[in-house]
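Hi,

Here is the structure I promised to pass on. Have a look at it first, and then read my notes below.

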Amino acid sequence: MNLAEERLEHLAGRLKLPDVPGLVSSLAQEAADKEWSFADFAEALLQAQSDASDARACDTIQRLAGFPSRKTIDAFDFSFQPSVNKKQVAELASCAFVERADNVILLGPPGVGKTHLAISLGVEASKKRLSVKFTTAARLVASLAEARTAGTFSRRLMGFVRPSLLIVDEVGFLPLDAGEAALLFEVVCRRYERGSIVLTSNKSYGEWGEVFSGDTVIATAILDRLLHHSTTISIKGESYRLKDKKKAGIVTTPAG
Ligand code: ADP
Ligand code: MG
């Protein structure tokens, strides 16, 4: 490395523009070939650094989010699931709902793409540099219960309160007892009008009493806050997981 390169590396480090030194050499050749003006070169350099910084921030957010798999809206086949309105999902993908601290509730039977869409919205938020955390209802309550025993409840709670978007998958898969329901309630209350929740459930709202072991008071209290500023997407369709099996005749849909 010559002295000029060393000085550039030092300044780029100080200004937190880590890709600039590498970009200067790669863009210099392009600038010469295409006879760019100095202004063109400066713009191309800063744009490339900005893109690289965005990509890095997005990767970090996605890593911290803890997605179980990487799903995108592009990979969602809307023609297979006509009960999902493509325009509505596109509007949600703008993440304006995250800026407004609104909620999104995805309801439907297994395999219809609730988790897929929830992760996709998380991925879109990460692209906008909004922090995201993915969890399931079971893991959320287990984590908070464990933290309470360990005396680290407040800090653990903040992990579910602080992200701009909290995804709570699989509410209703396993019924929650009174203590567990209180933990979920705490998270919902703390985020109410302050941070978005994307929640998925295989139970319709009418069945939420069962989710909370018959405690309709807590079910109503949680729903009241969740639904105040929210969009519900009810998916009524076939399981995507079983579509090929059905085609092959391995699984049959019960009549009626
Ligand atoms: P759910 O959470 O509703 O049980 P998932 O989102 O886990 O369902 O979907 C099951 C699998 O099928 C996943 O691999 C998901 O990516 C895929 N999938 C579901 N619906 C669609 C769809 N409409 N287009 C493409 N893939 C889908
Ligand atoms: Mg799921």
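How are H7 and H9 oriented to each other: roughly parallel or roughly perpendicular? Please keep in mind that this is a predicted model. The axes of helix H7 (residues 137-150) and helix H9 (residues 178-191) cross at roughly 100 degrees, and they come within 9 Å. Angles of 65 to 115 degrees count as roughly perpendicular, so H7 and H9 are roughly perpendicular to each other.

As for the side of H7 that takes part, the residues are Leu140, Val141, Leu144, Ala145 and Arg148. They meet Glu180, Leu183, Leu184 and Val187 in H9. By residue class, the contact of H7 with H9 has seven nonpolar and two charged residues, with no polar ones.

Now to the sheet. It is open and has five strands in the order S2-S3-S4-S1-S5, with parallel pairing. Strand S2 (132-136) and strand S5 (230-234) are the edge strands, and each of them pairs on one side only. On average, neighbouring strands of this sheet are turned by 10 degrees against each other, direction ignored.

H7 links the two parts of my notes. Besides meeting H9, H7 packs on the sheet, where it touches S2 and S3. The direction of H7 makes about 95 degrees with that of S2.

Technical notes:
Residues numbered from 1 in each chain as written. Chains lettered and ligands numbered in written order. Predicted model: local features only at pLDDT ≥ 70, side-chain atom pairs only at ≥ 80, totals over all residues. Heavy atoms only, no water. Axes fitted to C-alpha atoms, helices over the stretch in contact; angles between N-to-C directions. Helix = DSSP H or I, 4+ residues; strand = E, 2+ residues; numbered from the N terminus. Parallel < 35°, antiparallel > 145°, perpendicular 65-115°, else oblique. Contact = heavy atoms within 4.5 Å. Nonpolar A, V, L, I, M, F, W, Y, C, P; charged D, E, K, R; others polar. Pairing = 2+ DSSP bridges.
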